[in-house]
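Where does a folded chain leave open space, and which parts of the chain surround that space? Look at the model below with that in mind.

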Amino acid sequence: MYLEKGLRMSFLETMLARAKADKQTIVLPEGNDPRTLEAAEKLIAHDACNVIVLGNEEELKAGGRELRGVRIIDPETSDLREKFAMRLYELRKHKGMTPEDALDKISDVLYFGVMMVKCGEADGMVSGACHSTGDVLRPCLQILKTAPGVKLASSFFVMVVPDCEYGQNGTFIFSDCGLEVQPDDEALAHIAVNSARSWKSLMGTEPAVAMLSHSSKGSARNDDANKVVRAVEIAHELDPSLELDGELQLDAAIVPSVGDSKAPGSRVAGHANVLIFPDLDAGNIGYKLVQRLAKAEAYGPITQGLAAPVNDLSRGCTADDIMGVVAITCVQAQAMK
């Protein structure tokens, strides 16, 4: 019951403590971003993990940061360069990649960072402070691919809402808010099942999964609502033991009195801590509304379903946001070993 044990600490402190208990090695490719360097120094100060930053050491330290304890690797001069290029060529030659193409790709810090994870030089990677989600995830899907038995990669945010009586003491997982644009019923079901597993891994308590819609239990009948109904059925087939229900409007999912009214007898309605949005529009708008209007901490987007943990950042992130995502990445890496 990790989160409950850490209630006297912030979510960030709880994740950092778990990371420190079994230190992992995380690569941060965006050494040219000052927030990345600040986060790297803070992670070392917390002794949370081993940190690798990619970039030219002289240039990185020119900003006045000492970066003590941080391992700095320049992809342009690293002795890992040839090894990574050859491995990348072997992985992608069936797609027409040549050895020259592979060597050129390895100059890209994102490809170099993902190859560090693929080749066991790092346990995970966190990037996205100055790269788009597509740029971050493209090499992941090309090189790491999805974990065995996982149909698709998706993403979630951990939302920590202050002074909130809903969810688990104001903590929720919102999914998918960053990757799957318009999931069909089957994809939505897989997102729900994977998000439930992510909750259990991170929080140590049982997930209660609500499949969100503009409709609650047939109050509206149209294609969008029907997609969620079918997704609920598929999710129950994928994992019959899961506490999951829908379709549910947001208030029915998290407010007990509304849940009792709109979905009487549901074990999830009014008590959900994992919220599955029907598409990326709803998820992205929803998490940003809660983050900005409720002043919630938003950690993510955290990727789930990949063969190794690589996570994206919002380009508006702070150094503390990066620390939080790195700590979560460490916990994911611990669970995968």
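The largest pocket has a volume of about 340 Å³. A pocket here is an open set of points on a 1 Å grid over the protein atoms alone, where a 1.4 Å probe fits, with protein on both sides within 12 Å along at least five of seven lines. Its volume is the space filled by probe spheres set on the points, which are joined across faces, edges and corners. This is a predicted model, where local features need pLDDT of at least 70, side-chain atom pairs count only at pLDDT 80 or more, and totals for chains, interfaces and linings use all residues. Residues are numbered from 1 along each chain as its sequence is written, and side-chain values use heavy atoms, without hydrogens and water.

The largest pocket is lined by 18 residues, and S198, Q304, G305, Q332 and M336 are the closest to its centre. Lining residues have an atom within 4 Å of a point. Helices (H or I, at least four residues) and strands (E, at least two) are DSSP runs, numbered from the N terminus. α9 gives the most, with five residues.

Turn to the second largest pocket. Its volume is about 260 Å³. Of its 16 lining residues, F174, L250, L275, F277 and V290 lie nearest the centre. β6 (171–175), α11 (250–254) and α13 (280–293) each give two or more residues to this lining. The largest share, three residues, comes from α13.
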